Amino acid sequence: MINTGRTSVAPPPLPPRLDRSQPILIPAPLSPPGQHNKALIHFLIGLVMLHLLLSVGGFFYLYYKENSILAENKPSAQGRVGFPPSKQEASSSALARMVVEQQSEIAQSSDYLRWNMNHSVRKNINFFHNSWLTILEPGDYYVYSRVTFSKGNSKIPLASKVMLRKTDSGEQKVVMMAYCSLSSSYSSESNPHMCTATQMELITLEKGNQLSVWVPDLSLVDYEEGATTFGMYKV
């Protein structure tokens, strides 16, 4: 006898219909085992190369920046051989850039270099007897001197001295001194029979002070243009 009452057992599933097509699941192709590792390696290599390029670029940037700062702060090539930096000199309220004048042996009354006032440059600096420069504005002055010798004397050293006196009749004293030797490594490479004594110093000067350049023998000096000079500017 069949029980037609309620039951908790679920009815059996319906059998599939033969006229309906069933979906076919196609598995996705699997990537090769090493492809993922290769992509990671390429990414890391690119990251390392980018870091290397940035490092090299940063190094060159800092290198050129540091060199440009040093070039602005230190004296130019002219300053190292006896000329002041042009920017500081041009903005100075008092300056002198002297051109040496050769004297005849008859006219040589002293061993102080004489300056050609027609070709020299002066601003707020006077002169005395074409050999001494007279300070008109007190302050700190960058003083430079360059004397080139084309001859030597076995009895005396080749020396150049910047002399200072408070007035035109005051006592003289040495404030700068330099020597050179025709046979030393400081001689000119293009002409071994020449040498240059160069001096540079910051000196505090008062109004009326006078400066001049002394050498042991004027006949030993090279008077070619640019070889011997003297000057200063107020800082």
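In the predicted model, Ile-125 is located in strand E4, which spans residues 125-128. The residue has a relative accessible area of 2% and is therefore classed as buried. Apart from residues up to four places away in sequence, Ile-125 touches Ala-94, Leu-95, Ala-96, Leu-133, Thr-134, Leu-136, Tyr-141 and Met-232.

Ser-131 belongs to the loop that runs between E4 and strand E5 (132-135). With a relative accessibility of 6%, Ser-131 also counts as buried, because the limit for that class is under 20%. When residues up to four places away in sequence are not counted, the residues touched by Ser-131 are Tyr-112, Leu-113, Arg-114, Trp-115, Leu-211 and Ser-212.

The chain as a whole contains three helices and eleven strands. Their order along the sequence is α-α-α-β-β-β-β-β-β-β-β-β-β-β. Buried residues make up 30% of the 235 residues of the chain. The accessible surface of the chain is about 16,700 Å², and carbon and sulfur atoms contribute 59% of that area. Among contacts in the chain with a separation of 6 or more, 70% are between residues 24 or more positions apart.

One disulfide is present in the structure. The bond joins Cys-180 to Cys-195, with an S to S distance of 2.2 Å. Cys-180 is in strand E8 (residues 173-180) and Cys-195 is in strand E9 (residues 195-205), so that the pair, 15 residues apart, links distant parts of the chain. The link of Cys-180 and Cys-195 is right-handed, with 50 degrees about the S-S bond. Cys-180 and Cys-195 are both buried.

Charged side chains were examined next. Side chains of opposite charge can pair when their charged atoms come close. The count of salt bridges is one. This salt bridge is formed by Glu-137 and Lys-234, whose closest N and O atoms are 3.5 Å apart. Glu-137 is in the loop between E5 and strand E6 (139-149), whereas Lys-234 is in strand E11, so the pair ties together parts that are 97 residues apart in sequence. With a relative accessible area of 22%, Glu-137 is partly exposed.

Asp-222, in the loop between strand E10 (210-214) and strand E11 (229-234), has no salt bridge, yet is buried. The nearest side chain of opposite charge is that of Arg-146, at 9.2 Å. A salt bridge requires a separation within 4 Å, so Arg-146 at 9.2 Å does not qualify as a partner of Asp-222. The side chain of Asp-222 does have a polar atom 3.1 Å from the backbone nitrogen of Glu-224. Beyond its neighbours within four places in sequence, Asp-222 is in contact with Thr-148, Phe-149, Ser-150, Met-194, Ala-227 and Thr-228.

Key
Residues numbered from 1 in each chain as written. Predicted model: local features only at pLDDT ≥ 70, side-chain atom pairs only at ≥ 80, totals over all residues. Heavy atoms only, no water. Helix = DSSP H or I, 4+ residues; strand = E, 2+ residues; numbered from the N terminus. Buried < 20%, exposed > 50% of the residue type's maximum accessible area, 1.4 Å probe, protein only. Lys, Arg positive; Asp, Glu negative; His and termini not counted. Polar contact = N/O pair within 3.5 Å; in protein donor to acceptor, adjacent residues only side chain to side chain. Contact = heavy atoms within 4.5 Å. Disulfide = S-S within 2.5 Å. Areas by Shrake-Rupley, 256 points an atom, 1.4 Å probe, with all protein chains shown as cover.
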